[in-house]
Amino acid sequence: MTDLGNKEVLSKNIKKYMEINNLSRMAVADATGISYTTLTDWINCTYYPHIDKIELLANFFGCKKSDLIEDVIWDNNTRLADMKKDVVRVPLLGKVPAGMPLEMVANQYTIDYEEIPSEWLNGGKEYFALRLTGDSMEPKYSDGDVVVFLKTHDIISLSGKDCCVRINNSDATFKRVTIKENGILLSPLNLENSSGFLPQLFTWEQVEKEPIEIIGVAKKLVKYL
């Protein structure tokens, strides 16, 4: 039995996850695409979100939907310890430009870690994390943020997704991918103020010859203010 629809329970749990992750309302709003006003309404118990928005928040916080909608008795010691059992660490390998394609700064060794829910590894899935540099994916992604990527080489199913793309076996960039009939379009989100990077179409011939390779799709964003 869940407390689905209980505004007070949801508000309490959202505020607790924000506290645990040291996040402001604005940081959560920017990272999830939920408006600041809407998030404030949920926290103030004015409105209750649709289930898809609860799932969006759960994915962002790295928890289960039930962790947001059920009346949990929070204990700063035992509860946090229990949460850690359900997460695994993935390696932060270096940096990727959210701007002009540049050689990806990936160190040979792990320089840090980010946490993801252990259930994300089901089916043998693999993840890695990179820190962003540049402004072309603002406002959703900012310079200095960390993105956790799901490793993938599947191109066709990723249309509309934000991906780490490797070009010519060395250069890499972080862009939104759109699959076209005549090739792959890489686009920044910040079309007005990005550092000179405009949407770029690579034909299927270029994809094959350069090559153009999608190496990861964004799964989790960690905002660093």
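Biologist: Where is P211 found?

Modeller: P211 sits in the loop between α7 (204–209) and β11 (212–222). Keep in mind that this is a predicted model.

Biologist: What kind of peptide bond joins E210 and P211?

Modeller: A cis one. Omega is about -10 degrees.

Biologist: And which bond joins E138 and P139?

Modeller: That bond is cis as well, with omega about 5 degrees. P139 is in the loop between β5 (127–133) and β6 (146–151).

Biologist: Switching to the core. Which residues touch the most other members of the largest nonpolar core?

Modeller: I14, V28, L57, F61, L68 and F174. That core has 34 residues.

Biologist: Which helix gives the most to this core?

Modeller: Helix α4, residues 51–61, with 5 residues.

Biologist: Take F61. What is F61 in contact with, leaving aside neighbours within four places in sequence?

Modeller: I14, Y17, M18, N21, L23, V28 and L68. I14, V28 and L68 are also on the list of core residues that touch the most other members.

Biologist: What lies apart from that core?

Modeller: Another core, of 23 residues. W120, Y127, A129 and V165 are among them. As a general point, nonpolar side chains tend to be buried together in soluble globular proteins.

Biologist: On to α3. Which residues of α3 are buried?

Modeller: In α3, residues 36–43, the buried ones are L39, T40, W42 and I43. Seen down the axis of α3, they fall within an arc of 160 degrees, so they line one face of the helix.

Biologist: Why would a helix have a face like that at all?

Modeller: An α-helix has 3.6 residues a turn, so residues three or four places apart point the same way.

Biologist: What covers the buried residues of α3?

Modeller: The cover includes α1 (7–20), α2 (25–32) and α4.

Biologist: At what angle do the axes of α1 and α3 cross?

Modeller: Roughly 120 degrees, and the axes come within 8 Å. On the α1 side, the contact is made by K7, S11, I14, K15 and M18. L39, W42 and I43 make it from α3.

Biologist: How does that contact split by class?

Modeller: The contact of α1 with α3 has 5 nonpolar, 1 polar and 2 charged residues.

Biologist: Which residue in the hairpin of β7 and β8 takes a positive phi?

Modeller: N168, near 55 degrees. N168 is not a glycine either. The hairpin has 3 residues between the strands. N168 is partly exposed, at 45% relative accessibility.

Biologist: Parallel or antiparallel for β7 and β8?

Modeller: Antiparallel, over 7 bridges. β7 covers 161–167 and β8 covers 171–180. I167 stands opposite D171 in β8.

Biologist: How many residues are in the hairpin that joins β8 to β9?

Modeller: It goes through 2 residues. β8 and β9, residues 183–187, pair in the antiparallel sense over 5 bridges. One of the bridge pairs is T178 with L185 in β9.

Notes
Residues numbered from 1 in each chain as written. Predicted model: local features only at pLDDT ≥ 70, side-chain atom pairs only at ≥ 80, totals over all residues. Heavy atoms only, no water. Core = buried A, V, L, I, M, F, W, Y, C linked by side-chain atoms within 4.5 Å. Buried < 20%, exposed > 50% of the residue type's maximum accessible area, 1.4 Å probe, protein only. Helix = DSSP H or I, 4+ residues; strand = E, 2+ residues; numbered from the N terminus. Contact = heavy atoms within 4.5 Å. Arc of directions from axis to C-beta. Axes fitted to C-alpha atoms, helices over the stretch in contact; angles between N-to-C directions. Nonpolar A, V, L, I, M, F, W, Y, C, P; charged D, E, K, R; others polar. Pairing = 2+ DSSP bridges.
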